[in-house]
Amino acid sequence: MRKILLPTIVIITASLLVIRLFYLQIINDTFKLKSENNAIKIDYTYPERGYIYDRNGKLLVANQPSYDVMVVPRNVKKIDTLEFCKLLDITRAEFEKKIEKARTYSPMLPSVFLAQLNKVEIAAFQEKLRRYQGFYIQKRSLRDYQIEYAANVFGFITQVNDKIIENSDYYIPGDLIGRQGVEESYEDKLRGQKGVRYIQKDKFNREIGSYKDGKFDTISKQGEDITLTIDAELQKYGEELMINKRGGIVAIEPRTGEILALVTAPSYNPSILVGRQRSKNYTKLYRDSIAKPLYDRGLLAEYPPGSPFKILTGLIALQEGVIDETTTFTCHHGFSYARGRFMKCHCHGGVLDLHRGIYESCNSYFSHAYMNTINKYKNPSDGVDVWSNHLKSFGLGAFMGYDLPTGRKGNIPTSKTYKRIYPNGGWRSTAIVSNAIGQGEVLMTPVQLANFMATIANRGYYYTPHIIKKIKGDAIDPKFRKKHVTTIDRKYFEPIISGMFDVYNKGTAFGLGVEGIDICGKTGTAENFAKINGKRIKLQDHSIFVAFAPKDNPKIAIAVFVENGYWGKRWAGPITTLMIEKYLRKKITRTDFEKRMLEGSLKSQYDKLLPKKQQDSIFRRKDSVSERKKVRDSIANAKNPKKGTAKDSTKTR
């Protein structure tokens with residue numbers, strides 16, 4: 001048996017090798033194509049990327065022609081380097097660096113020498129291209145932005161890096177790819193399919209025609225157009241309202257989960273990341289570690305939600321049966337929850353029921369409700385986990401599954417959280433009562449705030465927020481049509497909504513309403529701490545506001561977060577009102593709010609976050625400007641004395 005086994009293995013192995021070689025060399029021409037690569041030039045044709053439209057059919061992003069100067073280092077002969085550099089506006093050092101980089105990649109394969117030139121930049125070079133053997137021009141298309149906003153929604157286009165090339169069968173050096181925003185999320189749809197043409201060369205490296213009569217050639221296929229859920233005018237208005245402020249605005253259509261506006265502030269004009277200056281501009285944006293214009297606060301920033309969270313505290317307490325609409329608690333302008341521990345409250349005090357507790361935003365009421373929820377269970381760990389599971393049914397504490405490539409989970413604590421914080425045990429509801437009012441360990445992103453507001457508007461369900469409305473020739477992901485139902489019974493939402501309605505009528509947002517629009521909302525203020533020079537410093541509180549409208553058959557749910565914005569009604573509240581009116585009526589009647597929000601600035605608050613040297617520089621500039629103004633005014637007064645000048649200046653002093 002052993003004598004037969006070895007020869008049999010050898011024969012079988014040899015037979016398999018012969019069959020494989022026959023297949024590769026005779027049947028499958030692609031292997032031959034690769035083996036003859038030195039005698040074949042591969043010419044790529046790049047399609048236009050798909051266009052991007054807003055929900056109303058407005059064109060947002062189109063394309064413009066672009067030209068890359070390509071080089072095959074082995075074919076580069078003696079050229080007039082001085083003339084070459086002058087035509088392309090580069091230095092001799094840059095020329096040598098780029099040639100060396102291309103040679104390192106491959107002396108025989110083409111690579112990008114200079115990317116993203118426009119028609120004007122390439123024209124003079126193209127006239128003299130025949131003088132520069134080894135160089136050729138590759139036509140591509142770049143984005144042509146029709147608007148100057150929504151940069152965080154779109155993302156940008158950049159060249160593929162080595163890692164992407166290694167992990168992909170599609171991309172080659174010099175190819176462009178979408179990064180961030182919908183350009184990244186829908187790259188496969190937007191990019192299209194590039195065409196390939198194989199050209200035969202003779203022994204003198206001259207082109208002699210198509211290889212195999214074009215048997216392997218393919219034509220390019222244009223990228224698919226996509227329609228976004230974004231309302232371009234609402235997006236633009238939101239970005240205008242957030243000028244000289246930091247934070248985010250997220251607006252959602254409750255009945256579909258479609259994102260109407262996704263604002264991050266500060267932002268930038270998307271056009272600056274197109275063309276030869278793209279790299280320089282991107283570096284500038286990336287290095288701004290203070291304002292962080294590349295940081296999408298609407299999706300990434302995790303904040304304590306503050307008082308809007310009381311809505312969830314109330315819903316869970318109702319579901320758990322520890323309160324009802326008539327349950328009252330007494331507020332002594334604060335809540336004493338342990339010996340020497342007192343949580344202040346800014347409501348009017350006295351005996352409050354659920355309705356009044358909501359519209360006056362009473363800390364005491366919801367602290368009682370929260371503690372009753374936890375204390376319902378024999379073990380506080382069990383109580384916290386029940387509370388946590390209710391919150392997770394709203395999509396909190398997890399990635400939401402929306403169709404944008406970036407995001408954060410926020411944080412909803414569980415019993416594991418407190419076992420880690422208190423390893424020796426002994427913790428009770430009093431130790432974690434700050435969760436009741438959206439402080440403590442609770443963190444949420446603005447998109448989570450907006451989504452939970454959409455869930456309230458729907459009386460207990462939501463659709464996964466998404467930014468794609470339509471793909472030409474294709475269907476959107478069915479997960480965006482799936483209804484997510486919370487663990488809270490529908491009947492408990494009505495008393496909460498009633499209280500939110502009176503937030504505008506007689507509560508903490510009194511005076512922010514718009515005649516004829518029934519808005520339900522909730523103000524919020526979140527404490528804000530930061531490390532400055534190694535110390536934990538209390539900074540100005542964040543301003544928060546959530547709302548939906550109209551009260552019945554709601555069309556928009558919104559969350560506005562303004563960093564260092566004092567309290568909810570001061571900045572976030574008016575912005576919320578303006579955004580709602582803009583979307584529902586396409587015009588503004590509260591021009592008093594509009595003027596204040598458009599002209600208002602929180603820059604002085606943000607300057608406090610700068611390193612001390614920069615702060616001193618800013619203060620010196622302010623002082624010098626002030627002094628120069630005083631000098632100019634005194635000169636003007638001396639030349640043109642006015643009646644009452646001396647008296648007025650005495651008042652000033």
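A: A helix here is a DSSP run of H or I with at least four residues, and a strand is a run of E with at least two, both numbered from the N terminus. The model is predicted, so local features need pLDDT of at least 70 and side-chain atom pairs pLDDT 80 or more, whereas totals for chains, interfaces and linings use all residues. Residues are numbered from 1 along each chain, and side-chain values use heavy atoms, without hydrogens and water.

Helix α16 covers residues 380-392, which makes 13 residues. From first C-alpha to last, α16 reaches 18 Å, close to the expected 18 Å (1.5 Å times one less than the number of residues). At the start of α16, a side-chain oxygen of Asn379 comes to within 2.9 Å of the backbone nitrogen of Ser381.

Asn63 is buried because its relative accessible area is 12%. A polar atom of the Asn63 side chain lies 2.7 Å from the backbone oxygen of Arg49. Beyond neighbours within four places in sequence, Asn63 is in contact (heavy atoms within 4.5 Å) with residues including Glu48, Tyr51, Ser141 and Asp144.

Note on methods. Polar contact = N/O pair within 3.5 Å; in protein donor to acceptor, adjacent residues only side chain to side chain. Buried < 20%, exposed > 50% of the residue type's maximum accessible area, 1.4 Å probe, protein only.
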